[in-house]
Amino acid sequence: MSAEAVAATTPAKTDGWEPKIVAFCCNWCSYGGADSAGMGRFQQPASTRIIRVMCSGRIDPLHVFNAFLEGADAVLVTGCHIGDCHYVNGNDKTKIKYKYLENVVRELGIEKERLQLNWISASEGERFANFIRDVTAQIKKLGPSPLKPEGVA
Amino acid sequence: MQKGEMYVGWSTKDDVRKRGGSGGLVTSMLAAALEKKFVDAVVVLKKINEFEAVPIITSDVNEVLNSAGSLHSVPSNFAKLIANRNLKVALPAKGCDVRGIIEQGKRNAINLDNTFIVGLNCGGSMHPVVTREMLEVMYKIKPEDVHGEEIEKGKLIFETKDGKEHAITIDELEEKGYGRRESCRYCTIKVPNNSDIACGNWGVTGDLVGKATFVEINSEKGAKLLQNAVDAGYVQVQKPDEKGVAMRAKIKGVMEDLGKKWKGKVFVPIENGRLEYFRKELEHCIDCGACKTVCPTCSCGDVSKCTEYHFRGDAYKMSMYHLVRFLHLADACIGCGQCSDVCPADIPLTRLYRRFANPVQEQLKYEPGMDMQKPPYFEVKLNE
Ligand SMILES: Cc1cc2nc3c(=O)[nH]c(=O)nc-3n(C[C@H](O)[C@H](O)[C@H](O)COP(=O)(O)OP(=O)(O)OC[C@H]3O[C@@H](n4cnc5c(N)ncnc54)[C@H](O)[C@@H]3O)c2cc1C
Ligand code: SF4
Ligand code: SF4
Ligand code: SF4
Ligand code: FES
């Protein structure tokens with residue numbers, strides 16, 4: 001069963017609540033993927049805020065912390081497939097940085113669904129849309145992030 | 001003399017030998033290095049009272065000679081003192097001090113080729129404030145009346161000015177929350193083989209007990225340092241007996257196992273409510289920044305990521321300052337305990353930082369401060 005199907009059969013913790021998902025996308029691949037998703041008219045929830053960076057290597061763990069502290073229910077780190085980075089090895093660096101970041105976020109007690117890494121090329125519109133849909137379903141089940149400041153929806 | 005050799009030795013100056021922690025060899029070796037222009041300066045602890053001392057950089061041989069003796073209630077941080085100074089220096093250092101110095105070396109803040117590290121075996125050190133309280137509560141003596149302290153056969157012994165000795169086992173003290181700092185209990189660097197030469201009293205036998213220092217040479221620099229002291233007539237050495245060598249290895253093993261056991265006791269996995277746990281512990285942080293200033297593996301200086309993006313007015317659910325430090329120290333924290341020592345809000349910071357560092361360092365099979373291996377982040381071959 002896909003995560004979406006699971007979500008459809010189990011009642012969500014917060015009915016009608018739309019999570020806020022921050023997706024960091026690199027200019028050359030995953031941002032293109034998001035674009036293709038739109039052009040291909042793949043349905044996706046309105047939960048995502050995309051932040052475009054030139055390369056996934058530019059995503060500082062600090063940006064991720066900041067998104068969580070400002071109220072993101074999930075943060076997605078995305079970029080080109082390994083070997084396809086426009087700046088040769090930016091995403092290799094992302095991969096290493098992510099390992100540290102993931103450890104800290106997990107140890108803090110944040111559920112693993114709330115921080116995810118994915119490589120998506122500019123032509124993979126459907127993959128992008130599915131990813132967003134799956135994450136949205138997972139987060140709907142989990143409910144709002146425990147790091148969300150008081151008074152932020 | 002060369003790497004791998006072991007000796008038992010002592011200071012040829014009677015007065016230094018008497019005052020020294022176990023024979024005054026360390027003090028004399030440092031003094032000889034200075035006298036023979038082997039180094040430009042030496043770092044030693046300058047005592048203020050029985051429980052307080054400050055590390056000083058000196059080129060005065062007498063000041064070095066006066067520093068003989070072990071202070072168990074002073075966790076010193078020598079790494080930051082010599083960082084960014086470009087000194088040719090020799091200094092004594094406990095396991096954690098050595099690790100801090102090596103980490104500063106990796107960050108190009110200390111030139112290790114010009115740094116002669118005299119390692120001290122270390123069973124643990126105590127916090128001065130806790131020590132004072134312990135004296136009143138457990139020993140029923142006034143801290144001002146204390147004249148000296150030593151550790152013998154698992155007991156912490158204080159001598160008072162009236163000549164009396166007061167002894168309590170360290171186990172009993174720690175059961176009551178006193179004794180060694182928590183980080184020392186689970187520290188497993190008992191013989192600092194990461195230094196140039198490791199010195200201690202373990203392994204000294206027979207008549208020499210209390211009057212000689214056991215040394216193990218860990219590097220060429222260490223060999224030179226000892227040879228220089230012997231040539232200068234400052235110290236006398238002989239080969240250790242087999243019994244002593246075996247005894248030292250055995251105690252080292254026992255202490256390391258004990259440290260591992262403590263680690264398990266302190267870091268009981270928290271299944272639920274981890275975020276709440278960290279939030280609660282950090283609730284009283286006043287953002288003074290002392291934990292960063294003292295941290296021997298941090299070399300960012302005043303302008304740093306952890307401070308520049310942290311605004312108290314944000315009123316976030318977690319401190320950005322600590323989040324960044326949790327991340328940056330995941331592969332760098334050496335568990336020296338200094339952050340807990342200095343926190344004015346009494347936050348058990350080392351315990352919190354190690355929660356992140358333990359799993360990361362185990363996963364990466366990386367122990368900072370033990371050798372020159374770079375943090376794995378920098379060692380990954382990119383695009384292979
Ligand atoms: C906290 C502590 C715990 C120790 N535990 C053990 C042990 O369990 N087993 C063992 O075999 N040996 C231990 N030692 C080492 C031992 O006590 C002697 O220091 C060592 O044998 C060298 O003796 P020495 O007479 O040659 O040194 P000395 O000639 O007395 O010279 C000692 C030097 O160490 C410096 N020093 C004193 N206190 C400290 C401190 N807290 N931090 C850093 N530098 C300091 C002094 O400035 C001096 O330069 C410990 C030392 C310390 C400081
Ligand atoms: S942390 Fe280890 S080396 Fe440092 S003072 Fe404690 S026991 Fe000694
Ligand atoms: S975080 Fe604390 S225990 Fe770790 S190295 Fe820094 S001061 Fe030492
Ligand atoms: S030393 Fe304590 S009060 Fe100061 S910044 Fe660190 S945790 Fe906060
Ligand atoms: S440009 Fe896409 S990851 Fe570097």
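1. Where in chain B is H310(B) found? This is a predicted model, and in it H310(B) sits in the loop that runs between helix 13 (305–308) and helix 14 (320–328) of chain B. Buried or exposed? H310(B) counts as buried, because its relative accessibility is 18% and the cut-off for buried is under 20%.

2. Next, the surroundings of this histidine. Setting aside residues up to four places away in sequence, H310(B) touches D287(B), S319(B), M320(B) and Y321(B). A polar atom of the H310(B) side chain lies 3.1 Å from the backbone nitrogen of Y321(B). A side-chain oxygen of S319(B) also reaches to within 3.3 Å of the backbone nitrogen of Y321(B), at the start of helix 14 of chain B.

3. D287(B) lies in the loop between helix 11 and helix 12 of chain B. Its phi is positive, at about 60°, although D287(B) is not a glycine. With 27% relative accessibility, D287(B) counts as partly exposed.

4. Now helix 14 of chain B. Eight of its nine residues are buried, so helix 14 is largely enclosed by the rest of the structure. The buried residues are M320(B), Y321(B), H322(B), L323(B), V324(B), R325(B), F326(B) and L327(B). What do they pack against? In chain B, the partners are helix 11, helix 12 (290–294), helix 13 and helix 16. In chain A, they are helix 3 (61–70) and helix 4 (90–107).

5. Aromatic rings come next. The structure holds eight aromatic pairs over all chains. In one of these, the ring centres of F278(B) and F356(B) are 5.0 Å apart and the planes stand at 35°, so the pair is tilted. This pair links distant parts of the chain: F278(B) is in helix 11 (residues 274–282) of chain B, F356(B) is in helix 16 (residues 349–364) of chain B, and 78 residues separate them. F278(B) and F356(B) are both buried.

6. A357(B) is in helix 16 of chain B. Its relative accessibility is 0%, so A357(B) counts as buried. Which residues does A357(B) contact, leaving aside neighbours within four places in sequence? They are L329(B), A330(B) and C333(B). A357(B) and D331(B) are 26 residues apart in sequence, yet their C-alpha atoms are 6.0 Å apart in space.

7. W262(B) has two charged residues over its face. R185(B) lies at 5.1 Å from the ring centre. K265(B) lies over the face of W262(B) at 4.4 Å from the ring centre.

8. On to the ligand. How many residues surround ligand 1? There are 33, and the closest are G21(B), S22(B), G24(B), T27(B) and G69(B). An oxygen atom of ligand 1 is 2.6 Å from a side-chain N or O atom of S22(B). For T213(B), a side-chain N or O atom is 2.9 Å from an oxygen atom of ligand 1. W202(B) takes part through its backbone: an N or O atom there lies 2.9 Å from an oxygen atom of ligand 1.

9. Another backbone point in chain B is K140(B). K140(B) is in the loop between helix 6 (128–139) and strand 6 (146–152) of chain B. It has a positive phi of about 55° although it is not a glycine. K140(B) is exposed, with a relative accessible area of 67%.

10. Chain A also has a helix to check. In helix 2 (residues 30–39) of chain A, the buried residues are S30(A), G32(A), G33(A), A34(A), S36(A) and A37(A). They pack against strand 1 (21–26), strand 2 (48–53), strand 3 (74–79) and helix 5 (125–142) of chain A. Just after helix 2 of chain A, R41(A) takes a positive phi of about 55°.

11. Last, confidence. Chain B has a mean pLDDT of 94, and 98% of its residues reach 70 or more. For the complex, the predictor gives an ipTM of 0.89 and a pTM of 0.93. Where pLDDT is low, the predicted coordinates should not be read in detail.

Methods:
Residues numbered from 1 in each chain as written. Chains lettered and ligands numbered in written order. Predicted model: local features only at pLDDT ≥ 70, side-chain atom pairs only at ≥ 80, totals over all residues. Heavy atoms only, no water. Helix = DSSP H or I, 4+ residues; strand = E, 2+ residues; numbered from the N terminus. Buried < 20%, exposed > 50% of the residue type's maximum accessible area, 1.4 Å probe, protein only. Polar contact = N/O pair within 3.5 Å; in protein donor to acceptor, adjacent residues only side chain to side chain. Contact = heavy atoms within 4.5 Å. pLDDT = per-residue confidence, 0-100. Phe/Tyr/Trp six-rings, centres within 6.5 Å; stacked < 30°, edge-to-face > 60°. Lys NZ or Arg CZ within 6 Å of the ring centre and 35° of its normal. Near = heavy atom within 4 Å.
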